Amino acid sequence: MRAFVPDALPPSPSSLDLVSLLGPLTSAERALGRLDGITLLLPSQDLFLYMYARKEAVLSSQIEGTQSTLADLLRFESEAQAGAPFHDVREVSDYVDAMMYGLERLRALPLSLRLVREMHARLLQGGRGSALDPGEFRRSQNWLGGTRPGNAQFVPPPVTELGRCLGDLEAFMHEDVSGLPPLAKAGLLHVQFETIHPFLDGNGRMGRLLVTLYLCVHGGLTSPLLYLSLYLKTHRAEYYRLLQDVRERGAWREWLAFFLRGVEETATQAFTAATRIVQLFDDDRTRITAESERAGSALRVHAGLQRHPFSTTAQLVAATGLSAPTINATLADLMRLGMVEEVTGRQRGRVFGYREYLAILGEGT
């Protein structure tokens, strides 16, 4: 069996050629700074993070082959569970849990192999990988493509080399001798993690989470809103080709150019979405005040739907303190205005969706 054992990071300066990457690096950093800045203007940073984390979870899991959509996940969380198969939605829900757990743990624990293992345990706690050693680095050989290592497209390092490779990876997370910009280091870490493939399952999702976690710690990203899954899903063939080119030819510069372009595009899309959402909320509050027949209760329901854009009457009663008859009358008024739609078609246990907000969030999924 032939397996690939990567050299420790960083690569040689000649294979990086950072001078030629100054333009893409500057553009990516500028877009990231603009995204970080818009979060200060959001009426609720937690709300935007809550929803954007769920969008990323859906996209990341779609790369791995699940069929669930953002609407499926939000319905699942609001107990309107029609839609994608249960195990698909559960996997996406576990991704959200792993992401939020990791961001919370960063307050007490450095970015480390221990944190990666803890997050992996949450990631695989209930999905199809729950029998594949959640939270434990692999103790057997894995491979990508093909039916066995002998005919695989790629064979990661053997178990005997895994400890050294992971130790080198962790050391690179914390070194400051190379002087590499944080965005470049994040791109290098992602490839190295994917190449080591340290788990039996969930490596792709963990490798994508690693980028955001690293930038939150070292890249000046105060709100974890940079999620690359839509970009990688859109350019999937190029992504896999570039990973292999790094392994076979040391094509780090080409990979970083692709990665930095993805950071710029993704940050710009998130900035645009945040701007549109802020404007939507403002416009709808203005319309409610001017056109609603029960503006006071409608504004409270509108605030509840911002946090949970799929909601039942009971959930909105709990969120607003209004009575069920008042909620139902208010929802009817918001449906008249075209802001809300009922999504189940049932007479009992109905679920209401904040139509335009869901449309903005769901773009790309």
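Which residues in α2 meet which residues in α12? In this predicted model, local features need pLDDT of at least 70 and side-chain atom pairs count only at pLDDT 80 or more, whereas totals for chains, interfaces and linings use all residues. Residues are numbered from 1 along each chain as its sequence is written, and side-chain values use heavy atoms, with hydrogens and water left out.

From α2, Pro 24, Leu 25, Ser 27, Ala 28, Ala 31, Leu 32, Arg 34, Leu 35 and Ile 38 meet Leu 260, Val 263, Glu 264, Ala 267, Thr 268, Ala 270, Phe 271, Ala 274 and Thr 275 of α12 (contact: heavy atoms within 4.5 Å). By class, this contact has 13 nonpolar, three polar and two charged residues (nonpolar: Ala, Val, Leu, Ile, Met, Phe, Trp, Tyr, Cys and Pro; charged: Asp, Glu, Lys and Arg; polar: the others, Gly among them). The axes of α2 (residues 22–38) and α12 (residues 252–291) come within 8 Å and cross at roughly 25° (axes are lines fitted to C-alpha atoms, for helices over the stretch in contact, with angles from 0 to 180 degrees between N-to-C directions; helices are DSSP runs of H or I with at least four residues, and strands are E runs of at least two, numbered from the N terminus). The two helices are therefore roughly parallel to each other (angles under 35 degrees).

An open, antiparallel sheet is formed by three strands in the order β1-β3-β2 (strands pair if DSSP finds at least two bridges between them). The twist averages 30° from one strand to the next. Three bridges join β2 to β3 (residues 351–354), and Glu 341 stands opposite Gly 353 in β3. Helix α13 (residues 295–307) lies across β1, β2 and β3, at about 85° to β3.

Key. Angles under 35 degrees count as roughly parallel, over 145 as roughly antiparallel, 65 to 115 as roughly perpendicular and the rest as oblique.
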